[in-house]
2 protein chains.
Amino acid sequence: MNTAESPLPFTEFDRWCMRRAMSLARRGTGKTSPNPLVGAVIARNGMVLGEGWHRQYRGKHAELEALEAAAAAGHTAEGADLYCTLEPCSFTGPEKHQPPCTTAIIQHRIRRVVIANQDPHPKVSGQGVQTLQAAGIAVETGLLARKGEELNRFFFTFHRLGRPWVHLKIAQSLDGRIAAPGGDGKNRITNEAARKLVHRLRRSFDAVLIGRGTAHIDDPELTVRLERGRNPLRVVLDSRLSIPDSARLLALPDREKTLIFCAAGADPRRIRRLEDRGAQVIPVAGGPENRGGLPLDQVLQHLGARKVLSVLVEGGAAVFSSFLREGLWDRMSVFIAPFILGGGLNAVSGLPIPSMEEALGFQDVEIRRIGNQILFEGAHVYRNR
Amino acid sequence: MNTAESPLPFTEFDRWCMRRAMSLARRGTGKTSPNPLVGAVIARNGMVLGEGWHRQYRGKHAELEALEAAAAAGHTAEGADLYCTLEPCSFTGPEKHQPPCTTAIIQHRIRRVVIANQDPHPKVSGQGVQTLQAAGIAVETGLLARKGEELNRFFFTFHRLGRPWVHLKIAQSLDGRIAAPGGDGKNRITNEAARKLVHRLRRSFDAVLIGRGTAHIDDPELTVRLERGRNPLRVVLDSRLSIPDSARLLALPDREKTLIFCAAGADPRRIRRLEDRGAQVIPVAGGPENRGGLPLDQVLQHLGARKVLSVLVEGGAAVFSSFLREGLWDRMSVFIAPFILGGGLNAVSGLPIPSMEEALGFQDVEIRRIGNQILFEGAHVYRNR
């Protein structure tokens, strides 16, 4: 397991350097996918000589950035320690845009390499460590491994489960409703602070996903506006392609980033029409158990094949409940507004939970207050792993 | 309005003394009803000479306690300031168990009386102040008036609205359910810390109220066990008297404190049988609009006539929703457990709220975390006052 913390007696300085490397890695958030977030720090005798991070997909690897930074500052890295959040790569290939880091590390005569997590990529896992050790370099792994797991949760989930990390987000009233009985033109459950938080969340995801109902009723753009950052891919689950031609998602400048999944039997003219408007339409075969909905595992598989490592599901209630029912989720954010609707649409429904004992619980629960709203967050408790 | 803060230039010491008086008053919580909580502090030249509080119903008034405490400590109260959380009383009568405080205050030659709130009781309101002023004593009112209102919210609501203060309490899952689809033998939504908090809440109320369903399914005792304190009156709304003979509420040592409200047409034999088991049964005439439920205004009126100043409504969903629908409530506590049921019984339903704009909002919102649970509290926003 990658999460095992190493029993090695790391020093406080070791920990400090690794935390620093992780904080550098985080600077690449939303820019490196499908690559992981990686940070590196080079230090000798308690002094940092150079640091670096993987800035963006196809950009230089963090280790090389750190080695070059040290050289630029007039330091030789000989005999120094290198702290990497992830196992350095050791291979070349047609899909790969950068030279292997192990070669550079060996050339610069690094004395010791400290690693948080092994790379789950089959071409790297363990190979990087072996290559370095074969060259006489001391390698120690597992420092702040849990924090490293958390840092690259999208990447690790993708390589372990073969599907993107799925984060469910919903905004509900205190009594668990997302719309009044009459139905509203617009979902105004969240306040400004909560909306900013959602935009901050969006920019770190590869894709944002909504259902047909949300596309109709809320007609969202799903772009990052209240914060700086790149727009994620926009995914709509719309089995019969009932999304109106006037939807904002079809009028954005980068409309090629709008993906619409539909049932295999959807109207070909409708598909052409939406493709003419710039969207990508993807028919998937539905199973009989899907009650008119699309098979979520196939949708995720398709997104995974496109190197989408992370999906933020933004509703509505039907889509939210489907992901819960299928167990295809990793983390959940529930915004709870300080008012009661006392009727209307439940945020969650149709889960096959017969009794309180079998209620869907969470791990790593976080509860925050945002103005008069509550933000509840929790992670999936995986049972069969 | 009693809530108006006085514009008088009170000193920091004045404020300190009034806060102290309020903190003394709070010691009587759960013991003074139907009397208010009252505290008193006597001070001269920045020194406290005596303090007192109304310890229990029919006990000495706070002002007298403070005067006696000063005398017992060897102080004369002559020329001193008296801080009272509530206007001192000035009348005698057959219902009254203590002599008028104004007489004692005048006899002890107090120089100045500072009051947080005027007494809403028609026999006192303003009379106390006038009696003191007529005797040449300086009287200043309104110091920390809002805090005083909060302190005696049961008492003030009772005298203003002619009904008890109603506090709604419910425990629900994250998605707003109180029971799984299958239905549970027992409601285990709250954790130990939350249950202790409920017992602490109970002991400060004159009565605890539940509906028929809760009496059946949860079969609660509604007593104060996890904390010290006296048991409140137990009220069950049970239009057809379907509560089982084996209910715990009918087997408690103080079973005369169990009140069961039923419809006017309830079976007389069933009434006698429950009365034989020690409960008090009270038939009330139901209106046609009550969908089988009892008219809550009449229930509250009856409780008010019995000098019940405060009611804690502990569910279930039907009763909770009825109080909300009728607008007969003052404060609400919602315990939110960190799990999802995804089906089953909603905590609130059937409110006539057509759109998000007309959602039921709150004032004085408080949000606390109790372990992994959330406690949301909010107060009624009264519209037509």
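Chain A averages a pLDDT of 90, and 94% of its residues score at least 70; pLDDT is the predictor's confidence in each residue, from 0 to 100. The predictor gives the complex an ipTM of 0.86 and a pTM of 0.88. This is a predicted model, in which local features need pLDDT of at least 70, side-chain atom pairs count only at pLDDT 80 or more, and totals for chains, interfaces and linings use all residues. Residues are numbered from 1 along each chain as its sequence is written, while chains are lettered from A and ligands numbered from 1 in the order in which they are written.

Chain A contains eleven helices and 18 strands (DSSP runs numbered from the N terminus, with H or I and at least four residues for helices, E and at least two for strands). Its radius of gyration is 23 Å, close to the 21 Å that the globule rule gives for 385 residues, so chain A is as compact as a globular protein of that length. The radius is taken over C-alpha atoms, and the rule is 2.2 Å times the number of residues to the power 0.38. Along the principal axes, the C-alpha atoms of chain A fill a box of roughly 70 × 45 × 40 Å.

Of the 385 residues in chain A, 48% are buried (20 or more other C-beta atoms within 10 Å of the residue's own, with C-beta atoms placed from the backbone). Among contacts between residues at least 6 apart in sequence, 71% join residues at least 24 apart in chain A; a contact needs C-beta atoms, placed from the backbone, within 7 Å.

Helix H6 of chain A (residues 153–161) has A:Phe154, A:Phe155, A:Phe156 and A:Phe158 as its buried residues. Their cover includes helix H5 (145–151), strand S6 (165–173), helix H10 (296–305) and strand S12 (310–313) of chain A. Just after H6(A), A:Gly162 takes a positive phi of about 70 degrees.

In chain B, nine strands form an open sheet of mixed pairing, in the order S11-S10-S9-S8-S12-S6-S13-S18-S17; strands pair if DSSP finds at least two bridges between them. Strand S11 (280–284) and strand S17 (363–370) of chain B stand at the edges with a single partner strand each, so one side of each lacks a neighbour in the sheet. The twist averages 20 degrees from one strand to the next.

Within this sheet, strand S6 (residues 165–173) and strand S12 (residues 310–313) of chain B pair in the parallel sense over four bridges. B:His167 has B:Leu312 as its bridge partner in S12(B). Helix H11 (residues 317–326) of chain B packs on the sheet, touching S6, strand S8 (207–211), strand S9 (233–237) and S12 of chain B. The direction of H11 makes about 135 degrees with that of S6(B) (axes are lines fitted to C-alpha atoms, for helices over the stretch in contact, and angles run from 0 to 180 degrees between N-to-C directions).

Key:
A residue is buried if 20 or more other C-beta atoms lie within 10 Å of its own, exposed if 12 or fewer, and partly exposed in between; C-beta atoms are placed from the backbone. Two residues are in contact if their C-beta atoms, placed from the backbone, lie within 7 Å.
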